[in-house]
Amino acid sequence: MLIFAVIIFFLIMMVVLLLVIAVAQIKMAGMEVKDFWTFIKANDTLNKLYAFSIKYEKLTPQQQVLFLKEADTIFDAFSKVPDALWEEEYQKYMKILDKYKDIKIKRWESQ
């Protein structure tokens, strides 16, 4: 029973140590932990929005508003982290940015 408790204590200490190291790495990169977490969620949203933009060429006005709102969230989150962190997602990001610009121009022209 004592060995089991020692093993559990050791594992808990390892998890805490890994968390401290992760937070230190994030801080050394010049980011806040909150910004990093927002980036992780935005990266997931980027993948979904990218798939959505490929699947649907024409969007209804309601879909356009939702697309613009989600894209704004992504752009804000990505602007707070170093570019090197999202180099692999650059093509998706640019595709979303192009679609964002197209929708903005179409909405502006229709007003």
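Is the crossing of α2 and α4 left-handed or right-handed? In this predicted model, the helices α2 and α4 make a left-handed crossing.

## Helices α2 and α4

The axes of α2 and α4 come within 10 Å and cross at roughly 55°. The two helices are therefore oblique to each other, since an angle under 35 degrees would be needed for roughly parallel and one of 65 to 115 for roughly perpendicular.

On the α2 side, the contact is made by Leu46, Asn47, Leu49, Tyr50, Ser53 and Ile54. On the α4 side, Lys92, Tyr93, Lys95, Ile96 and Lys99 take part. Sorted by class, the contact of α2 with α4 has six nonpolar, two polar and three charged residues.

Helix α3 covers residues 61-79. Its 19 residues should span 27 Å at 1.5 Å a residue, and the C-alpha atoms at its ends are 27 Å apart, which agrees.

The buried residues of α3 are Gln64, Phe67, Leu68, Ala71, Ile74, Phe75, Ala77 and Phe78. An α-helix has 3.6 residues a turn, so residues three or four places apart point the same way. The buried residues of α3 pack against α2, which is residues 33-55, and against α4.

## Helices α3 and α4

Helix α4 covers residues 90-110. The axes of α3 and α4 come within 10 Å, and the crossing angle is roughly 135°. These two helices are therefore oblique to each other, because roughly antiparallel applies to angles over 145. Helix α3 passes α4 in a left-handed crossing.

From α3, the contact takes in Pro61, Gln64, Val65, Phe67, Leu68, Ala71, Asp72, Phe75 and Phe78. They meet Tyr93, Ile96, Leu97, Lys99, Tyr100, Ile103, Lys104 and Arg107 in α4. The residues of the contact of α3 with α4 divide into 12 nonpolar, one polar and four charged.

## Glutamate 89

Which loop holds glutamate 89? Glutamate 89 lies in the loop between α3 and α4. Its relative accessible area is 15%, and buried means under 20%, so glutamate 89 is buried.

Leaving aside neighbours within four places in sequence, glutamate 89 is in contact with Asn43, Leu46 and Asn47.

Notes:
Residues are numbered from 1 along each chain as its sequence is written. This is a predicted model: local features need pLDDT of at least 70, side-chain atom pairs count only at pLDDT 80 or more; totals for chains, interfaces and linings use all residues. Side-chain values use heavy atoms; hydrogens and water are left out. Axes are lines fitted to C-alpha atoms, for helices over the stretch in contact, and angles run from 0 to 180 degrees between N-to-C directions. Helices (H or I, at least four residues) and strands (E, at least two) are DSSP runs, numbered from the N terminus. A crossing is left-handed if the near helix is turned anticlockwise from the far one by less than a right angle, and right-handed if clockwise. Contact means heavy atoms within 4.5 Å. Ala, Val, Leu, Ile, Met, Phe, Trp, Tyr, Cys and Pro count as nonpolar, Asp, Glu, Lys and Arg as charged, and the others, Gly among them, as polar. The expected span of a helix is 1.5 Å times one less than its number of residues. Buried means under 20% relative accessible area, exposed over 50%, partly exposed in between (1.4 Å probe, protein chains only).
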